[in-house]
Amino acid sequence: MLFLAAAEETIRNRLTPPAGDEYPAATDLPKYDLPPQHALELQVPIGSSPRPLFQNAATCLQMSLSRMLRDLDLGSAALHIATGRPARDCLTGQ
Amino acid sequence: MTETSFTLALDMHGELDRCQQVVRQALWWQGASVESYTQDLNFSESSKACLLKETKSQGDDGRVLVVFGKLAACFSAIGGLVAAATDQDSCNMLFSLALDDAGASESEDGWRTLTTADGGELSVHVAEDPKSWRGDLNTVSLKRVTPEVVRFLYRLLVQGGLVLFPALITATVDAVDKLRQQRPEDEHNPYPPFDVISSEDEL
């Protein structure tokens with residue numbers, strides 16, 4: 001799935017209620033299996049998508065995620081853009 | 001093979017389930033690739049990266065979190081924060097006034113809750129001190145989405161020339177054009193691919 005395509009799908013298919021009286025509860029989110037840690041890195045490859053992601057997209061994601069965590073008094077998120085570093089290198093810390 | 005990636009370093013505290021719920025939503029918004037990795041930061045030999053997996057475990061409370069801000073937020077300086085909300089047309093002020101008009105609850109720990117006539121419910125985090133360090137961004141927690149909730153948010157998108165993050169949706173093409181005139185595009189500062197919507201039905 002792609003960042004923007006997923007966002008569009010989210011907005012159009014999940015936030016817009018269907019006609020009638022039955023409103024969705026805005027649930028059914030994918031349940032990513034995160035490690036049970038309060039500090040972690042999330043490394044996301046850019047370019048594996050046919051719809052290119054670029055730096056500002058990552059910045060926007062970090063900005064919104066950090067804002068959510070801060071407003072909920074749950075922490076913060078910092079962003080680092082790495083170029084030329086295979087994501088799989090972090091598998092063994094090579 | 002050369003790849004480009006971005007890394008989010010997450011420093012969280014408080015109830016782990018709630019922290020993970022927020023992060024899971026961010027991953028969901030992003031549509032995180034199966035080629036993404038997570039790595040815990042306990043700085044021990046046991047710390048290792050893992051492919052992002054999806055689990056069928058339950059436990060989220062069903063709320064959807066989004067952030068609203070001004071277009072300029074996309075071009076913020078280091079740290080990703082925008083200028084503090086000080087003017088009358090700031091995102092924070094727009095939400096505060098709209099919540100006043102709609103009869104939302106008073107602030108509780110910075111959160112104001114609006115229950116609409118058709119049973120919708122949303123909460124907005126607003127800055128009590130508009131001159132505080134906070135950037136001009138407002139987190140919106142959607143508990144129950146109804147037509148009136150969508151209408152409320154769409155009206156603010158239009159009135160304020162706001163952007164919904166991280167989906168990069170806006171309702172004012174004029175504001176996008178104006179921003180591009182003010183900030184010539186270059187390879188180091190590319191424009192996000194905004195989605196401009198023209199009606200609340202599209203939101």
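Which element of chain B has the lowest mean pLDDT, and which the highest? Before I answer: this is a predicted model. The lowest is helix α4, residues 173-182 of chain B, with a mean of 65. The highest is strand β6, residues 111-115 of chain B, with 96.

For the chain as a whole, chain B averages a pLDDT of 74, and 62% of its residues score at least 70. Over residues 77-85 of chain B, pLDDT stays under 50. The model still has 29 contacts beyond four places in sequence for that stretch. Where pLDDT is low, the predicted coordinates should not be read in detail. For the complex, the predictor gives an ipTM of 0.78 and a pTM of 0.75.

Now strand β9, residues 162-165 of chain B. In a regular strand, side chains alternate between the two faces of the sheet. Here both faces are covered: B:L162 and B:L164 are buried on one side, B:V163 and B:F165 on the other. β9(B) runs antiparallel to strand β5, residues 64-70 of chain B, and 4 bridges join the two. In that pairing B:F165 is the bridge partner of B:V67. β9(B) is also joined to strand β10, residues 169-170 of chain B, by 2 bridges, again antiparallel. There B:V163 stands opposite B:T170.

Last, the helices. Helix α2, residues 91-101 of chain B, packs against helix α3, residues 147-160 of chain B, at about 135 degrees, with the axes 11 Å apart. An angle of that value makes α2(B) oblique to α3(B). Their crossing is right-handed. On the α2(B) side, B:C91, B:L94, B:F95 and B:A98 meet B:L156, B:Q159 and B:G160 of α3(B).

How values were computed: Residues numbered from 1 in each chain as written. Chains lettered and ligands numbered in written order. Predicted model: local features only at pLDDT ≥ 70, side-chain atom pairs only at ≥ 80, totals over all residues. pLDDT = per-residue confidence, 0-100. Contact = placed C-beta atoms within 7 Å. Buried ≥ 20, exposed ≤ 12 C-beta atoms within 10 Å, placed from the backbone. Pairing = 2+ DSSP bridges. Axes fitted to C-alpha atoms, helices over the stretch in contact; angles between N-to-C directions. Parallel < 35°, antiparallel > 145°, perpendicular 65-115°, else oblique. Left-handed = near helix turned anticlockwise from the far one by under 90°.
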